[in-house]
Amino acid sequence: MIQIKHLQKSFGKLDVLMDVNLNIKRGEVISIIGPSGTGKSTFLRCLNLLEQPTGGSIVIDGQEVLDGHVNASKLRQKMGMVFQSFNLFNHLSVLDNVCIGPVKLLGKTRAEAEAKGMELLKMVGMAEKAQAMPAELSGGQKQRAAIARCLSMDPEIILFDEPTSALDPTMVSEVLSVIRALARQGMTMAIVTHEMSFARDVSTRVVYMDQGVIYEEGTPEQIFDNPRRELTRIFVNRIRDFHYCFHSADYDRYELKAAWQNYCSKYFLSRKAVSETRRVSLSLFRLIPLDCGAVDMYFRYSEKTGELSLEVLLPPGMESVFGGMAHAVHMQQIRNVCRSIEEAVEETEIGERVRCRLVFRNLNR
């Protein structure tokens, strides 16, 4: 239905979308996830030309929409959009908001538009609010009215731009229930969302965006249970990173201690977790000559699983941390509090480097 190739969007010198490639089939529900500021909303706005792409190709039903000959208004009738800020007309009733598009743009009579509008309002649970003004509605009710308004234009695909981000948590479920109902009816949808459980439940495919590109895509099971790439794993498991780079054995111990204490306080790590991870770190760094080049340390805490891990990326040329019997005492101290110890070689910008990963026992539970 939609083919996106090498899509780019820049605002001046700021590159927001750099090389986005995606195919959307009819009837698919695509959830687009990723950190804030990575171009997800801009991507949706480019699809229906609310933002003019800088480069690339968007083909919808065989028609290139970036060739300068496409009527943007006609395109938006085919591709509806639901915004995070509702965008209802505040001087019109709920029913009038739903009817105005079909009357003015599709040429329907007022009677036809009202009949269809009431059907849609019933579908989203808003029929009794048909004559209410937007100011009289809750956030969840406004968003459901906005969905009914979008559906009144008979779109072939609906783009949802974080439809629950402006809602009180108690109102999120009522909007997500309507989107689930649309998915069951076979509506093609692309949804930018931070609701991970919803994305997993409703999607046929999940797209993870980062740094202006589609970093990984796959089924919900693959993305949430077995992501192939590191940034995806960090995001879906809500992993909070602490990173420190050692350039010599004379590193600033006071700076490191202060930064570490701030990290532990921010994510409410237990006293036991703080104590044991510090002890293991000291043992580990007795095994690593810090004067041999840059040594990157990553402490990672998953808010989703509670897993605590310590990863060390060694300088190029250093093959292992754990070899040899001379380090037996330090290794025993590490094994006492870690349930797994792994080493793997990975390619980086400065050559092959060994990554050592220690996973702690459940210290923070």
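Where is Arg238 found? Arg238 sits in the loop between helix 9 (230-236) and strand 11 (239-246). I will come back to that residue after the overall picture.

First, the ground rules. This is a predicted model, in which local features need pLDDT of at least 70 and side-chain atom pairs count only at pLDDT 80 or more, while totals for chains, interfaces and linings use all residues. Residues are numbered from 1 along each chain as its sequence is written, and side-chain values use heavy atoms, with hydrogens and water left out.

Now the overall shape. The protein has 12 helices and 15 strands; these are DSSP runs numbered from the N terminus, with helices being H or I of at least four residues and strands being E of at least two. The radius of gyration is 26 Å, well over the 21 Å from the globule rule for 365 residues, so the protein is more spread out than a compact globule. That radius is taken over C-alpha atoms, and the rule is 2.2 Å times the number of residues to the power 0.38. Along the principal axes, the C-alpha atoms fill a box of roughly 85 × 45 × 35 Å.

Of the 365 residues, 51% count as buried. Buried means under 20% relative accessible area, exposed means over 50%, and partly exposed is in between, with a 1.4 Å probe and protein chains only. Among contacts with a separation of 6 or more, 65% are between residues 24 or more positions apart; contact means heavy atoms within 4.5 Å.

The largest nonpolar core has 37 residues, and the members touching the most others are Leu121, Ile147, Ile158, Phe160, Ile179, Leu182 and Met189. A nonpolar core here is a set of buried Ala, Val, Leu, Ile, Met, Phe, Trp, Tyr and Cys residues joined through side-chain atoms within 4.5 Å. Elements that each supply at least two residues of this core include helix 4 (110-123), helix 5 (139-151), strand 7 (157-161) and helix 6 (169-184). Helix 6 gives the largest share, 7 residues. There is also a second, separate core of 34 residues, including Phe285, Ile288, Leu314 and Leu358.

Back to Ile179. Setting aside neighbours within four places in sequence, Ile179 contacts Ile147, Phe160, Pro163, Met189, Ile191 and Phe198.

Arg233 is in helix 9. Is Arg233 buried or exposed? Arg233 counts as buried, because its relative accessibility is 19%. Not counting residues up to four places away in sequence, Arg233 touches Pro227, Ile239, Arg300, Glu311 and Arg357.

The other is Arg339, in strand 14 (residues 338-348). Arg339 has 48% relative accessibility and so counts as partly exposed. With residues up to four places away again left out, Arg339 touches Glu307, Val359, Phe360 and Arg361. From Arg339 to Asn362 is 23 residues in sequence and 8.9 Å in space, C-alpha to C-alpha.

Last, the backbone. Arg238, from my opening, has a positive phi of about 50° although it is not a glycine. Arg238 is partly exposed, at 35% relative accessible area. Asn87 also has a positive phi, about 60°, without being a glycine. Asn87 lies in the loop between strand 6 (79-82) and helix 3 (94-105), and is partly exposed at 38%.
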